[in-house]
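Me: I would like to learn how to read sheets in a structure. Could you walk me through one?

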Amino acid sequence: MSLYTKILLFFITLVVLLSVVTTYSGIHSIERIAVKELENGLTSDINLFSFSVDREFYQMETRLRQLAMRRPLREAVSRMDTGRIREIFADLIERENVDALHLADNRMKPIVTLRGRRTDLPVTIPRAASEATTRGFIAIDTRDGVRPALFLSMPLGELKVVLSELIIVDNGSSLVRNLTDLLSRKRGEPVYISLFRNDRRMFSTIFSLTGADTESLPDEITTVLHEENRNYIGRTIIGKSRYYTIYKPSPYNEEGPEKWAYGIAVSENIFLPFKKRLLFIFVMISVLATSAVIVITFAITRGIDPSLRGILAICGRIEKGDILSRIDRTKVTTREFALIASSINSMLDSISEREKTISDNMAKIRAINAELEDKTTTIRQDRMRFLSILETVDKGVVALDHEGVIIYCNRAAAAIMGTDATAALGDAWKNLFPSLDISGDEHTSLREVVIPREGSAEPLYLKVLVSPWSLENAPQGRILLLQDISREKRIEEVKADFVSAINHDIRSFLVPVSGFLDRILEGKYGPLEGAVREKLVNITGNVSKIHHLVENYLNVSRIESGKLDLDIAPVDMNEILRGVAKLYAPRVVFAHGAAPQTLVLADRDYIERVVTNLVVNALKFSPEDSTVSIGTRVDDAALVTFVEDRGTGIPAEELPFIFEKYRRGSLGKQEEGSGLGLFIVKSVVEAHGGSIHVQSAPGRGSTFFFSLPLFRGEI
């Protein structure tokens, strides 16, 4: 099949498909417009139906009012002359289109009921509201079965009776005839009206086609009508045919089980002739369009084949790799194909240039790859050297990712943890170091942790250096540097035990010496001369200093070994301060305005030593004629105790170091001391869960503050 034939068939098929789609969519679009217009018309029709019912009620009310104003009826009702009332009712029924007239007392007890020729069965009129005209629909039995009827009840207050009128709605009623003729003439086609009680069709002009046994209204329609109280428009099956219908709830529905509605229906087949005419028109348009396309395609494609053959020949050469061939544009007669040929030639020129550029770039890439291989080899060798160094160091190195998972572990770390380096990879650090806390954002932190050992009573003591690490744009991890300090801890414990034993022995020797000197000074062994007494007093002071020094060393030993045993109990801090002030009076005074609540959780003996140590230091570095103030104040959940002097003060550069062991101030070198006092004070306060700090300036004195937790009723 030639290209020309293919193009022709393509365009013919395209036109046919477009015609079919256009025909189908056009018919449906026009049908939707027609249906929309029909729905608008049905809405107008149902409103006309409702207006006709309103007009019928108006005529009924007018008749009853005229009847009620007639003197003969009023006189007959006053005398309760039922015979005369029947004559008046019969005359009205004969003259007007009335099916029944009914007269009852105020309790709706019937007085007179006169029925027309279409019904001779008993009629029950709904009870009328007091002093108000009642209108609506009821269902009554007639000779032809149950039929809907319009009723209107009008109370005659001065006569104490209720006058009612009833008109049956069927094919014989003037309401139905007039409304049906009017709607059919308006549309030029049959229009069917219906009356519904709840979901049942009580009357319809369509009964002549379908019979009286028709389907009830679906629940969705009754819900819209009687619960949402609005119109419903749609397609409905009545009998075996489909109809366009509209339903409207009656405005005369009262509270109760019975709900009435109006309905209008037109046949769905009203669009069939219209569809046939549209289909014929669209088919003719499609045939004409197809013929035109054939002629136009033939005229357009006459010169395509030679031009296309020349382009295909060059494309075949290009496919075989001949990118130097070019299309001869002089042999291409069609303008569009000439543009294609020009584009192909330009493309071939670009391909040639890019092929040369690609060759140059490939040479550069090969050079870069060679350089990358050299750098990769260097990095691999550096990595092996770095790993070798890490594996040979005696300290453990553990690398964690941002989730705390171990991604590297050297042999020293594996030995410390008692596991295999390979087995530790992928495990969480919490499983191996449960007592280690690495939270926080600090850059580097040094911590000591204690880890129990399986099968050993001695735990593992580790010094851990935690440092963050991260690669570029990667989440931050941690590097743990582990050092096993268990041996150092054991040495410290042995040293502490040794110092404790030595201190105990020294105290054992000092106690009898101190007691013997006290008895000599008391004159137990005879009177002493002035020079001898002075020497003995100096000896006693030195013994006391040795005793104090031994006590300090013993406390330091307990602190460093972690054996500082505290007997925590509620302690009155003001009581301790008053005792110290009394002991060192008059140079030490208890400050006024102290905190009223001063019970703290503390070991009384140790806290007394803390206060005494601070007071002695203050006295030591203060002039003889100055005083030292001590007192307390409450700060949140802690009690702050202060010791304030007016002595030499402490230089600012020495403040960060005054609580270190063996540290003595530069302004106090002339004084004696071991340099352990403030270290012990700080250690004891922190062991109680408190803190201590100092405010000082040279020449202005110093104030030491330490805080202890307040007693809140629980220990």
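Me: How many bridges pair β8 with strand β9?

Reply: Two strands count as paired if DSSP finds at least two bridges between them, and strands are DSSP runs (E, at least two residues; helices are H or I, at least four), numbered from the N terminus. Here β8 and β9 (residues 241-249) are antiparallel and joined over seven bridges. Threonine 236 sits opposite tyrosine 243 in β9. This is a predicted model, where local features need pLDDT of at least 70 and side-chain atom pairs count only at pLDDT 80 or more, while totals for chains, interfaces and linings use all residues. Residues are numbered from 1 along each chain as its sequence is written, and side-chain values use heavy atoms, leaving out hydrogens and water.

Me: In what order do the strands of that open sheet run?

Reply: The five strands follow the order β7-β6-β10-β9-β8, with antiparallel pairing. β7 (200-204) and β8 (232-238) each have a single partner strand, so one side of each lacks a neighbour in the sheet. From one strand to the next, the twist averages 35 degrees; such angles, from 0 to 180 degrees, lie between N-to-C directions of lines fitted to C-alpha atoms, for helices over the stretch in contact.

Me: Which strands does helix α4 lie across?

Reply: Contact means heavy atoms within 4.5 Å. Helix α4 (residues 174-187) lies across β6 (192-197), β7 and β10 (260-267), and runs at about 135 degrees to β6.

Me: What is the strand order in the open sheet that holds β1?

Reply: That order is β2-β1-β5-β4-β3, again five strands with antiparallel pairing. Its edge strands are β2 (110-115) and β3 (134-142).
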